[in-house]
Amino acid sequence: MRPRQEATAETLAGVGLGLRAPHYQDILDNRPEVDWFEALTDNYLSDGGPALRVLDAIRGHYPISLHGVGLSLGSCDPLNQDYLDRLSRAIARFEPVAVSEHLCFTSAGGHYSHELLPLPYTEDCVRHVAARIRAVQDRLGRRLLIENVSSYVSFQDSQLSEAQFLAAVLDEADCDLLLDLNNLYVSACNHDFEVESYLDALPAQRIRQIHLAGYTDRGDHLLDSHGEPVHPPVWSLYATVVQRYGAIPSLIEWDTDIPALPTLLEEADKARYIQQRAA
């Protein structure tokens with residue numbers, strides 16, 4: 001067992017962008033003024049290929065973080081040791097400042113979903129997920145950042161609110177939080193809970209990174225689509241969080257209908273302005 005690296009997002013600062021393939025060449029050619037990039041872990045777990053060479057090149061000029069969707073921390077399946085081996089090699093190769101994953105499950109019975117599936121908010125589930133997070137942290141020698149996911153269903157067996165569940169997992173696992181404000185707003189609207197009460201329940205000292213993205217309004221619910229600019233209510237929530245907790249390293253995510261890089265840079269400038277205004 002290796003000692004965990006305690007410093008994670010503390011060495012990130014400002015506003016980053018999610019690294020996406022359509023922007024590779026523009027980034028390499030023009031070196032845009034971006035504070036850091038977040039790479040989707042699962043796209044860089046192979047042993048070779050052009051994507052790894054591009055990330056190597058970008059890593060030479062910018063800090064990076066790795067953000068995964070495949071650990072399936074909430075699953076009842078055994079932790080995927082092959083996945084952990086490949087993740088360990090990626091961490092050794094790219095030396096990310098932070099490593100993050102979603103608080104959800106993506107596999108059941110050995111079958112993998114392409115969705116981030118929500119968990120029941122029970123004490124048993126807290127203990128189950130926290131034990132798996134601790135095992136992953138011990139294996140990687142890294143402290144994880146865990147992200148809250150958007151949800152569209154709730155479980156009758158839930159005993160805790162989402163925020164209480166999240167806070168309990170963070171404490172039991174001794175990990176940190178990647179607070180996705182778009183996911184928080186989407187879930188708050190879909191399940192009709194108060195954002196302020198949610199924030200009150202979180203351990204502020206564990207919030208090490210923020211995600212900002214766009215949702216799609218489907219009329220009877222909000223969909224976490226990551227395919228639009230950040231909406232005004234989420235910007236307003238971001239201003240509240242920055243006023244409350246300071247200029248936490250923040251990231252613009254855009255995963256579908258990806259626009260040209262200047263559009264993402266404009267979104268990053270909005271986040272940077274809110275940080276500066278709060279300071």
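Thr 216 lies in strand E10, which spans residues 216-217; helices (H or I, at least four residues) and strands (E, at least two) are DSSP runs numbered from the N terminus. The model is a predicted one, in which local features need pLDDT of at least 70 and side-chain atom pairs count only at pLDDT 80 or more, while totals for chains, interfaces and linings use all residues. Residues are numbered from 1 along each chain as its sequence is written, and side-chain values use heavy atoms, with hydrogens and water left out.

Thr 216 counts as buried because its relative accessibility is 18%, where buried means under 20% relative accessible area, exposed over 50% and partly exposed in between (1.4 Å probe, protein chains only). Leaving aside neighbours within four places in sequence, Thr 216 is in contact (heavy atoms within 4.5 Å) with His 221, Leu 222, Leu 223, Ser 225 and Glu 228. Gly 227, eleven residues from Thr 216 in sequence, is 7.7 Å from Thr 216 in space, C-alpha to C-alpha.

The next topic is the nonpolar core, a set of buried Ala, Val, Leu, Ile, Met, Phe, Trp, Tyr and Cys residues joined through side-chain atoms within 4.5 Å. The largest such core has 79 residues, and those touching the most other members are Leu 19, Phe 37, Ile 133, Phe 165, Leu 181, Leu 212 and Tyr 238. Not counting residues up to four places away in sequence, Leu 19 touches Tyr 24, Ile 27, Phe 37, Glu 38, Ala 39, Tyr 44, Leu 55 and Ile 58.

Two helix pairs complete the tour. Helix H6 (residues 181-191) packs against helix H8 (residues 232-245) at an angle of about 115°, with their axes 10 Å apart; axes are lines fitted to C-alpha atoms, for helices over the stretch in contact, and angles run from 0 to 180 degrees between N-to-C directions. On the H6 side Leu 181, Asn 182, Leu 184 and Tyr 185 meet Pro 233, Val 234, Leu 237, Tyr 238 and Val 241 of H8. Leu 181 and Tyr 238 were also listed among the core residues that touch the most other members.

Helix H3 (residues 81-94) and helix H4 (residues 123-140) have axes that come within 10 Å and cross at roughly 45°. The contact is made by Gln 81, Leu 84, Asp 85, Leu 87, Ser 88 and Ile 91 of H3 together with Val 136, Arg 139 and Leu 140 of H4.
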